[in-house]
Amino acid sequence: MSKMTLKTEGDKHVIVTRRFAAPPEAVYRAHTDPRLIEKWLLGPEGWSMPVCINEARPGGKIRYEWTNGKGGAFHLTGEYLELEPYSRIVHVERMHLPDPTPDNRVETRFDPDGKGTLMTMRMTLPDAQKRAAMLATGMERGMEASYVRLEGMI
Amino acid sequence: MNSLDAAFSALADPTRRAILARLAKGETTVNELAKPFEMTQPAISQHLKVLEDAGLIVRRVEGTKRPRRLASAGIEAMDQWLAMLRKALEKNYDRLDGVLAGIEKQKRRKEKNDEQDDAEDGRR
């Protein structure tokens, strides 16, 4: 059973939903407290986040830097637009690979779901072309993991 | 193995990935494909050749036009993009489950301590 859903909507949106066993307040904190973020926002196995800046206030900056310890590295920058503790966050982000990917406007909602939380992330990209490019970015990181696995097999 | 290598290196270029994304919507002529990019048609044709050699797209002859469409390998490659993004996200959220469990445990411990403190205060 997969608890997460990932789908595209229209030309410009990507929607991700996920249920958590903890209440919205805890899930919101895990998305805005750098000491918590650096523990989980790491992507494929083997990556760590040596730099984690997250200023959770309107206009506040976001900067995450990842490394795989084998020379692989990239970073993400962003800005907060709106924060409604503990129910809603709106921010803009872009990856630097090293060229920046198109701005991705992300609205994240934390809705009570029984004793837990239903998180809904709605990403808005400038157009279909740029959305495809962003999804491809995910592929690159996934491919990295595949290569690491391959290395282990050979 | 060779074709897998060719597919991966064909996918390593953002323009070629964007071309695949466009073709995912249906068969398209070279002119139409070139439109969103600030590129000459020969440059686009070069990208198309790489994709074709990698077995990701196929062409059809229609008069003077050679419209391209995704080959089944191309469709699988597109699916893989989403699958791999999904995997990275799922991995993140599985880790987040662990972080949240830690927060809740701490909270319960604190509540318990507070209750004990209250009880002690009550005795005083």
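pLDDT is the predictor's confidence in each residue, on a scale from 0 to 100.

View 1. Among the elements of chain B, the lowest mean pLDDT, 62, belongs to helix α1 (residues 2–11), whereas the highest, 92, belongs to strand β1 (residues 57–59). Where pLDDT is low, the predicted coordinates should not be read in detail.

**View 2. The crossing of helices α2 and α4 in chain B.** The axes of helix α2 (residues 14–23) of chain B and helix α4 (residues 41–53) of chain B come within 10 Å of each other and cross at roughly 75 degrees. Because angles of 65 to 115 degrees count as roughly perpendicular, α2(B) is described as roughly perpendicular to α4(B). On the α2(B) side the contact involves Thr15(B), Arg16(B) and Ile19(B), which meet His47(B), Val50(B) and Leu51(B) of α4(B). Of the residues in this contact between α2(B) and α4(B), three are nonpolar, two are polar and one is charged.

**View 3. The loop residue Gly55(B).** Gly55(B) is placed in the loop that lies between α4 and β1 of chain B. With 17 other C-beta atoms within 10 Å, Gly55(B) is partly exposed, because a residue counts as buried at 20 or more such atoms and as exposed at 12 or fewer. Although Gly55(B) and Ala10(B) are 45 residues apart along the chain, their C-alpha atoms are separated by 9.7 Å.

**View 4. The open, antiparallel sheet of chain A.** Eight strands of chain A form this open sheet, in which the order is β1-β2-β8-β7-β6-β5-β4-β3 and the pairing is antiparallel.

**View 5. Strands β6 and β7 of chain A, with helix α1.** Strand β6 (residues 88–96) of chain A and strand β7 (residues 104–113) of chain A run antiparallel and are joined by six bridges. Val90(A) has Glu107(A), in β7(A), as its bridge partner. Helix α1 (residues 24–32) of chain A lies across β2 (13–20), β3, β6, β7 and β8 (116–124) of chain A, and runs at about 155 degrees to β7(A).

Conventions. Residues numbered from 1 in each chain as written. Chains lettered and ligands numbered in written order. Predicted model: local features only at pLDDT ≥ 70, side-chain atom pairs only at ≥ 80, totals over all residues. Helix = DSSP H or I, 4+ residues; strand = E, 2+ residues; numbered from the N terminus. Axes fitted to C-alpha atoms, helices over the stretch in contact; angles between N-to-C directions. Parallel < 35°, antiparallel > 145°, perpendicular 65-115°, else oblique. Contact = placed C-beta atoms within 7 Å. Nonpolar A, V, L, I, M, F, W, Y, C, P; charged D, E, K, R; others polar. Pairing = 2+ DSSP bridges.
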